[in-house]
Number of protein chains: 2
Amino acid sequence: MNERATTVEGVRRTNLAEVLRLVHHSGPRSRAVITGETGLNRSTVSDLVGRLVQAGLVEEHEPDPTRRVGRPSPVVAPSPGVVAIGVNPEIDAVEIGAVALGGSVRERVRVPVEQPDVATVVEIVAGVVAGWRGGALAGCRIEGIGVAVPGLVRASDGVVRFAPHLQWRDADIAGPLVTALGIDVVVGNDASLGARAERLFGAAREHEDVVYLNGGASGIGGGLILHGQLIGGVGGYAGEWGQTAASVADAADRRADGGVLEDEVNRARLVQAAGLVAPDDTELRAAVAESPSEALTAETARQRRILTATLGNAVNVLNPAMIVLGGFLAILRDLDPQAFDGEVRRRALAASAEGLEISAAALGADRLLIGAADAAFERLLADPLS
Amino acid sequence: MNERATTVEGVRRTNLAEVLRLVHHSGPRSRAVITGETGLNRSTVSDLVGRLVQAGLVEEHEPDPTRRVGRPSPVVAPSPGVVAIGVNPEIDAVEIGAVALGGSVRERVRVPVEQPDVATVVEIVAGVVAGWRGGALAGCRIEGIGVAVPGLVRASDGVVRFAPHLQWRDADIAGPLVTALGIDVVVGNDASLGARAERLFGAAREHEDVVYLNGGASGIGGGLILHGQLIGGVGGYAGEWGQTAASVADAADRRADGGVLEDEVNRARLVQAAGLVAPDDTELRAAVAESPSEALTAETARQRRILTATLGNAVNVLNPAMIVLGGFLAILRDLDPQAFDGEVRRRALAASAEGLEISAAALGADRLLIGAADAAFERLLADPLS
DNA sequence: GCAGATTCGCTGTAGTCGGCAACAAATCGA
DNA sequence: TCGATTTGTTGCCGACTACAGCGAATCTGC
């Protein structure tokens, strides 16, 4: 995250970045607290905050009425006037959000559209952003646009290599968006950006080593955070758990011959066993929890066996501090969290399971928008007074 | 690796560390080259190198006779007088090496001993190091001791949680070694340190995302390097591929019911199929390569199927730039590297396989000693003029 | 209600560090 | 032998944080 400062001027950039990142990711806090957490001198923090205020990136509010002796320290909060746009094109709609520094969603729109192509997405985003600029976000500073794509995204240039759901292949969405809006654009994999959001503002807050798995209608996506950094791999395609060969201990548990994890641990199979038609996650959760049929019970048990085996492997290889499950994977776990977690632990080395926590995703539908917007903030966070 | 410099004094520490790390990991190079590679100013490099020379950490040699115009630039090389001790306790011996800054092994000793306990290892190391200090390493500066243990090592304090081979459990080897020798001690997992060595001085040189898997008599160990950093996980136990549930597609391929990867992909099974008795890797390699029996051919094919599936999963999840195989895993691959690599690629997403290279380990028996010693150098590299 | 204690913001000074420019040194080519 | 080129060296400058001293704001005890 932080690059090293090899020059004296770079020190200020590093320190400005640290202060801004702190109030953005960890919330408003007093100058005194910032001084303690950064280890910087009071006068230095004063100077840094002053510059950030002058740049309009943070605001200083009157001190918290803490019942403590001493002169009260003003609270430094990220400015709500600095926003980034998060975009999530999906098979049936394009979701767009305006996220302020600090992680709060200020605006949010869902535009239904069947399997949009790049041009359609750009058009929709341009229209929505133009409307916001003249209205709800008038006077705001839009720092960038982050796009969360359900597919493989090349890290080096943001080209969407393959998004099966949208039927995009080698699609450049960043270029047209920049042209249309004149704002910096960042493109990323949806699960990776979801992991980012959960790590910064959700269940995995403050954890440095996180495995995030999300189960959606189209499959299983994942994100990986190690040493506090989002892991992309050499091309940026890391995290594709859904495409791994499932380790199915009992041959009777296998449904798809030669299939991959998302063929076995599969939302559609769960829906079918529940006898539902196109339920959302809330309905599916209810069906699984309340008086399930024998077939549904067997199917959930089967999927849980395979999923826990996969997670056990992940624990052995990565030794994460936390596993975060989203979508129908959380539903599978919530059926009996204790048994589920115990099974994962049983399949892992005792030492590796010691530091492990398993949790359902905390952020709701905003997750992808927040993650995408945060990625768009990255440039600002790295060098606040560019 | 590099921490951020939040203070002006820290800038020098960072830059000193960068220069020393460069000549240590990437080899001797002229001041002019260092200037180009670091982006620092000539005068700054001059100052930094001068300090490192004064501290005895690097030496300046007369310039390379390059046939180029201009004033020749002296070559900066790591001082061979600065060494770290690498230690590798194994089931039948303790191996000890003295590794100089730059990565060259200066001394090396193998002390045969049956299943040594901690006290025995400490005694042996103390004896060997005392001998070196009075002889071969007289006048050398011993910066630290690195111990590569075949087992789980807690990152926070270096305690060996469990080393099945040595039958160590919750063993503190760092404390007694420090007491006996008065030198800083670092303890790490053998495979992780092997990965470190391969990344810095071996096959994975200069790659940022590396999966390393080593197959030994006792099982399969692994190390993981992502974003150029060794991945430890929250407790430091990451990389235990051998204990993962193998994904065996064909039930007929399974040998150990409910077994883990190292039960299926197993050196002993290979040895048995070859009809050998306690061969070393060279003998095993020859047996596998030259006119193998039908049983041996079937066994290698079976193990290759399972291993390639595991590696395919690793590629999908981690998208590494390189997979490095050591020990009998390299033997399995070398039987037909092209087919092996092709199979791994086939099991991975096309995009993830694009940037992938697969290779046998390049460093021989010195690997663990070099990795352990490099870990012991870490403190010096982070802050050269402590 | 007042005085002392405590915490913290503010200001001016000091020390450290890398960049820069000018000069000197060392090599090559003509 | 001279000019061109590259690089080490030196002194100066600008940038940045730490520090100390002072004043401001709040709490506690009497």
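The model is predicted, so local features need pLDDT of at least 70 and side-chain atom pairs count only at pLDDT 80 or more, while totals for chains, interfaces and linings use all residues. Residues are numbered from 1 along each chain as its sequence is written, and chains are lettered from A and ligands numbered from 1 in the order in which they are written.

Next, show the 30 residues around DNA strand D, where a residue is near if its C-beta atom, placed from the backbone, lies within 6 Å of the strand; A:Asn41, B:Arg31, B:Gly70, B:Arg71 and B:Ser73 come nearest.

Then turn to DNA strand C, which 30 residues surround, the closest being A:Arg31, A:Ala32, A:Gly70, A:Arg71 and B:Asn41. Here helix 1 of chain B supplies the largest share of the nearby surface, five residues.

Finally, colour chain A by domain, with bounds from an automatic or database domain assignment: domain 1 (3-78), domain 2 (82-193 + 367-382) and domain 3 (204-361). The C-alpha centres of domain 2 and domain 3 of chain A lie 27 Å apart, and their contact (C-beta atoms, placed from the backbone, within 7 Å) takes eleven residues from domain 2 and 13 residues from domain 3. On the domain 2 side of this contact, select helix 6 of chain A, which gives the most, three residues.

Definitions and conventions
Helices (H or I, at least four residues) and strands (E, at least two) are DSSP runs, numbered from the N terminus. Two residues are in contact if their C-beta atoms, placed from the backbone, lie within 7 Å.
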